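Thanks for asking me to look this one over. Please have the model open beside you as you read.

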Amino acid sequence: MWRSLRSLRQISQRTISTASRRQLENRVPEKQKLFQEDNGLPVYLKGGAMDGLLYRVTMGLSVFGTGYVLYELMVASMPKKQK
Amino acid sequence: MAHQAHSYHMVDPSPWPIFGAAAALLTTSGLIMWFHYNSSMLLTLGLISMLLVMLQWWRDIVRESTFQGHHTPTVQKGLRYGMILFITSEAFFFLGFFWAFFHSSLAPTPELGGQWPPTGIKPLNPMEVPLLNTAILLASGVTVTWAHHSITEGNRKHAIHALTLTILLGFYFTALQAMEYHEAPFSIADSVYGSTFFVATGFHGLHVIIGSSFLTVCLFRLIKFHFTSDHHFGFEAAAWYWHFVDVIWLFLYMTIYWWGS
């Protein structure tokens, strides 16, 4: 039983495709090169286009939200007119 | 290119602090809108923006340290101080809830029937699921220490296994607590017993979830080769936090679950 378990283990290790083997390799040096590039970009935008998108979404939500809070505060502080 | 003549990290200007403050404003105002005006949009907006800020801020710290090399030993020392001070502040946070528990339970009022647990309250048996939960968290303290030793010894496979096991134990604890909450014969509205029980254990559970998330991030970083055998402070911070969560549970178990039953 143990021999067949061992051969099963060997087979599963051997059949990892090239794509997934790349995922198991150390890609930190590539990242280090990307983030140390002298392009004047701040760290929160230095990773690529996705950084800019996430930044704009976060800013949009925060700015819209803050405006909405101020609006609701105004509404809540006005006395409700009762006739 | 100018080089600094000191070992500190002068960070790039960043929008996350101000957006984080805005997210806190939205979340707190959102709570008010939810409590008093029956609207949960602002709260949802606040929680989403808080999540976005946390993800991006911590992502940037990983970039600054692992990819840009700014975390010198001096910087790391500052981070260690910071994490210890933060955990200390959390300890004081829980101290308040333990104070509340002892205030009500050491001198139970006539309204409670002059006894603790109050009349009519059937407490959970501390020798059943709560004891299992104690064993789970203690075991997870062992596995996270095993993971740390594996990292310092350069044993990648063992480190990944041990950290994964720690996270699974954390999930197991959370699942069991959720089940206990669902099955409990008393609710948060059942006198000050319910209040102290669910607020103290509830905040603890939230900290278990936070700790498990922190450990999960560390697992991803471990798999992606971010940690070296002598520089892995993110993991150490997560491990300290996890031990803190474990200790809080031990106090909860001994006082609220065992003495209080």
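The numbered points below go from chain B as a whole to its helices and then to one residue.

1. Ground rules first. This is a predicted model, in which local features need pLDDT of at least 70 and side-chain atom pairs count only at pLDDT 80 or more, while totals for chains, interfaces and linings use all residues. Residues are numbered from 1 along each chain as its sequence is written, chains are lettered from A and ligands numbered from 1 in the order in which they are written, and side-chain values use heavy atoms, with hydrogens and water left out.

2. The overall fold. Chain B has 7 helices and 0 strands, giving the order α-α-α-α-α-α-α along the sequence. Helices (H or I, at least four residues) and strands (E, at least two) are DSSP runs, numbered from the N terminus. Along the principal axes, the C-alpha atoms of chain B fill a box of roughly 75 × 45 × 30 Å.

3. Helix α3 of chain B. Its 34 residues (73–106) reach 48 Å from first C-alpha to last, close to the 50 Å expected at 1.5 Å a residue; the expected span is 1.5 Å times one less than the number of residues. Its buried residues include B:Met83, B:Ile87, B:Glu90, B:Phe94, B:Phe98 and B:Phe101. An α-helix has 3.6 residues a turn, so residues three or four places apart point the same way. The buried residues of α3(B) pack against α6 (191–223) and α7 of chain B, where contact means heavy atoms within 4.5 Å.

4. What do α5(B) and α7(B) bring to their contact? From α5(B) come B:Leu163, B:Thr166, B:Gly170, B:Phe173 and B:Gln177, which meet B:Phe235, B:Trp242, B:Trp249 and B:Tyr257 in α7(B). By class, that is 6 nonpolar, 3 polar and no charged residues (Ala, Val, Leu, Ile, Met, Phe, Trp, Tyr, Cys and Pro count as nonpolar, Asp, Glu, Lys and Arg as charged, and the others, Gly among them, as polar).

5. Have a look at B:Thr255, in helix α7 of chain B. This threonine counts as buried because its relative accessibility is 13%. Leaving out residues up to four places away in sequence, B:Thr255 touches B:Phe98, B:Phe101, B:Phe102 and B:Gly260.

How values were computed
Buried means under 20% relative accessible area, exposed over 50%, partly exposed in between (1.4 Å probe, protein chains only).
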